[in-house]
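Below is a short report on one protein chain. Look over the sequence and the model before reading on.

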Amino acid sequence: MRRTGTTRRGALTATGALALGAVLTGCGGDDEGAGGKRPARAATAKAEKALREKAVRDGALLLARYDLVAEAHPATAAGLEPLRAAVAEHGQALAPPRAEDDPKKGAPKGDEAPPAPAGPVSADPKAAVRELAAAERRRADGYGEALLAAGPELARLLASVAAAAAAHAYLLTELAEETAV
């Protein structure tokens, strides 16, 4: 006697067929002439370039802040230097590709000077380092939010930089506790 209704084998077969159909649909060719794909890529590229430029500007501001704190409180300079170097490397990694790197693009634009950091550095070394920690936390949060708008490659990079910024915030908080007034 044959069972009626849905069997486990029938359910697995149906699920497999649906999954195979979804995979085959997603693996279609990437026709340049397909409606609207080129403008979508251009919009994505523009958004990612803007995201990268903002990240570089924010990194330049943070670098300037590190320099101000190290200059105002020389006792903290040794502890800040490795973190500052990492922030500089993040800026280089996040920088949008330069026009000179792509022969199809126009002439490169002149390098812009980093913006001046806002506000003076605290006279208390602990407070100044805590302010740096807060800036690194904001940076980590900002990159975490930017992940939603980024493509896969940039998202991975932003996630790495966000994790590094969170680690910097932790290390700066510890440095603030160790800093003598």
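## Basis and confidence

This is a predicted model, in which local features need pLDDT of at least 70, side-chain atom pairs count only at pLDDT 80 or more, and totals for chains, interfaces and linings use all residues. Residues are numbered from 1 along each chain as its sequence is written, and side-chain values use heavy atoms, with hydrogens and water left out.

pLDDT is the predictor's confidence in each residue, from 0 to 100. Its mean over the protein chain is 77, and 65% of the residues reach 70 or more. Confidence is lowest in helix α1 (residues 8–26), with a mean of 54. It is highest in α3, at 93. Over residues 103–111, pLDDT stays under 50. The model has eight contacts beyond four places in sequence for that stretch. Where pLDDT is low, the predicted coordinates should not be read in detail.

## Fold

The protein chain has five helices and zero strands. Its pattern along the sequence is α-α-α-α-α. Helices (H or I, at least four residues) and strands (E, at least two) are DSSP runs, numbered from the N terminus.

Contact means heavy atoms within 4.5 Å. Among contacts between residues at least 6 apart in sequence, 74% join residues at least 24 apart. The protein chain exposes about 12100 Å², and carbon and sulfur atoms supply 59% of that area. Accessible areas come from the Shrake-Rupley method with a 1.4 Å probe; for residues, only the protein chains shown count as cover. Of the 181 residues, 27% are buried. Buried means under 20% relative accessible area, exposed over 50%, and partly exposed in between (1.4 Å probe, protein chains only).

## Helix α4

Helix α4 takes in the 22 residues 125–146. The expected span of a helix is 1.5 Å times one less than its number of residues. Buried residues in α4 include Val 129, Leu 132, Glu 136, Arg 139 and Tyr 143.

## Nonpolar cores

A nonpolar core is a set of buried Ala, Val, Leu, Ile, Met, Phe, Trp, Tyr and Cys residues joined through side-chain atoms within 4.5 Å. The largest one has 15 residues. Leu 62, Tyr 66, Val 69, Leu 80, Val 129, Leu 132 and Leu 172 touch the most other members. Helices α2 (37–72), α3 (77–94), α4 and α5 (152–178) each supply at least two residues of this core. α4 gives the most, with five.

Leu 80 touches Tyr 66, Val 69, Ala 70, Leu 132, Leu 172 and Leu 175, not counting residues up to four places away in sequence. A second, separate core of 11 residues includes Tyr 143, Ala 146, Ala 155 and Ala 162.

Leu 62 lies in helix α2. It counts as buried because its relative accessibility is 5%. Leu 62 and Leu 132 are 70 residues apart in sequence, yet 8.0 Å apart in space, C-alpha to C-alpha. Beyond four places in sequence, Leu 62 touches Val 87, Leu 132, Ala 135, Glu 136 and Arg 139.

Which contacts does Glu 136 make beyond four places in sequence? They are Leu 62, Tyr 66, Val 87, Ala 165, His 168, Ala 169 and Leu 172. Glu 136 is in helix α4. Its relative accessible area is 0%, so it is buried. Arg 139 is also in α4 and counts as buried at 9% relative accessibility. Outside four places in sequence, Arg 139 touches Leu 62, Val 87, His 90, Val 161 and Ala 165.
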